[in-house]
Amino acid sequence: MPEISDLRDAFARRFGIHPRLIVRAPGRVNLIGEHTDYNEGFVLPIAIDRATFVAARARPDRTVRVHSGQFDAEDSFSLDAIERSTEHPWSNYVRGVVKGLLARDLPIVGADLLIESDVPLGAGLSSSASLEVAVGYALQLLNNINLLGEELALLAQGAENSFVGMQCGIMDQFMAALGRAGHALLLDCRDLSYTPIPIPPDVRVVVCDSGVRHSLVGSEYNDRRAACQEAVRLLKVRMPRITALRDVSPEQLQANADLLSPEVLRRARHVVSEIWRTQTAAAALQSGDLARFGALMRQSHESLRDDYEVSVPEIDTLVELALHLPGCYGSRITGGGFGGSTVSMVRIGAVDEFTAALAEQYRARTGLEPRVLVCTPSEGVSRAAAY
Ligand code: GLA
């Protein structure tokens with residue numbers, strides 16, 4: 001984790017003055033409920049103890065200057081002309097959020113921002129959502145604006161949808177804003193109501209970054225989303241009242257399978273079954289039935305691999321290796337897919353051996369260097385310091 005005093009000093013060196021405040025917003029890992037958020041279904045993520053930090057100070061003019069420690073680069077733009085940057089793609093998350101605040105007629109002044117993060121990039125842990133939410137929250141505090149966590153999450157999601165061009169759902173931004181220490185949130189992505197579910201003290205959430213990144217993630221993701229919309233459009237012929245796959249039960253999908261092409265049917269089958277699995281898994285977690293929870297994680301992975309087709313061989317290898325190790329209840333791909341990370345639920349006493357063996361066996365099988373993180377469920381966005 002970046003030291004707060006280092007961030008303050010780095011800001012002072014860069015901008016010649018101390019920051020007014022520093023905020024942090026976490027990344028997330030989803031335990032189950034993948035590709036369900038944009039179908040108005042359920043997800044069950046935790047916010048993690050990896051976060052993006054933004055040190056910030058208001059300016060008397062309408063300029064935003066932003067320095068990224070991760071990219072060692074600086075960008076600057078005017079509040080009066082916010083366009084996409086091709087030179088600094090990382091800055092589009094910042095630009096999109098600022099534009100979103102202005103579009104709501106919120107009174108924003110210019111700012112100096114310094115960004116640091118220990119959320120690994122491209123690992124499926126929502127580094128971008130944590131950046132969006134951290135920037136939005138910092139600007140909110142600097143300008144004395146009162147936004148609810150839900151509003152901040154929606155604004156950040158809107159920035160990513162319309163400014164970055166990724167048609168993501170609400171899960172990642174919601175967790176960056178509203179994650180709860182020690183808990184997963186069962187989030188209903190239709191109305192944003194949620195139930196915090198405690199993570200049992202004798203289990204650890206272990207993330208393993210495969211090191212594989214696919215470059216077409218954004219377009220593949222948008223294709224999956226389009227297939228879900230296509231399924232709804234076709235099913236409406238017989239089920240005119242549905243508005244999302246959330247409204248379709250596994251039995252109804254089966255009975256109307258003839259309306260869909262084989263590919264669209266597979267995509268819809270994943271979503272409809274995953275929504276059911278997520279609700280069932282939340283109940284299992286609540287009652288401490290980790291064996292049942294783990295079995296549902298395994299089914300989720302198979303469905304994402306075979307029906308939704310968002311896994312890759314290296315991730316399948318990680319899941320298979322994890323499931324053979326002692327103390328592992330369940331393991332699956334997590335996040336958008338096409339590379340990224342797996343998540344496993346592991347008995348606390350077995351964690352050290354699990355992480356060592358998983359890394360060693362993955363290295364031996366693939367020649368790739370994995371990165372294993374044992375995650376603590378953490379709070380959503382907060383102020384880390386004020387001066
Ligand atoms: C990405 C998106 C989320 C969600 C997941 C898949 O992380 O940003 O909104 O759709 O993929 O569950």
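**Ligand shell and aromatic pairs**

In this predicted model, a polar side-chain atom of Asp172 lies 2.6 Å from an oxygen atom of the ligand, a polar contact being a pair of N or O atoms within 3.5 Å. An N or O atom in the side chain of Tyr221 is likewise 2.6 Å from a ligand oxygen, and a polar backbone atom of Gly169 is 2.9 Å from a ligand oxygen. The protein covers 95% of the 310 Å² of accessible area that the ligand has on its own (Shrake-Rupley method, 1.4 Å probe). Residues around the ligand (a heavy atom within 4 Å) include Arg28, Glu34, Tyr38, Cys168 and Gly335.

Residues are numbered from 1 along each chain as its sequence is written. Local features need pLDDT of at least 70, side-chain atom pairs count only at pLDDT 80 or more, totals for chains, interfaces and linings use all residues, and side-chain values use heavy atoms, with hydrogens and water left out.

Four aromatic pairs were counted (ring centres of Phe, Tyr or Trp, the latter by its six-membered ring, within 6.5 Å; planes under 30 degrees apart stacked, over 60 edge-to-face, the rest tilted). Among them, Tyr38 and Tyr221 are edge-to-face, at 5.4 Å centre to centre and 70° between the planes. Both Tyr38 and Tyr221 are buried (under 20% relative accessible area; exposed is over 50%, partly exposed in between; 1.4 Å probe, protein chains only). The rings of Phe71 and Trp90 have centres 6.2 Å apart and planes at 10°, so this pair is stacked. Phe71 is partly exposed at 43% relative accessibility, whereas Trp90 is buried at 9%.

Key. Polar contact = N/O pair within 3.5 Å; in protein donor to acceptor, adjacent residues only side chain to side chain.
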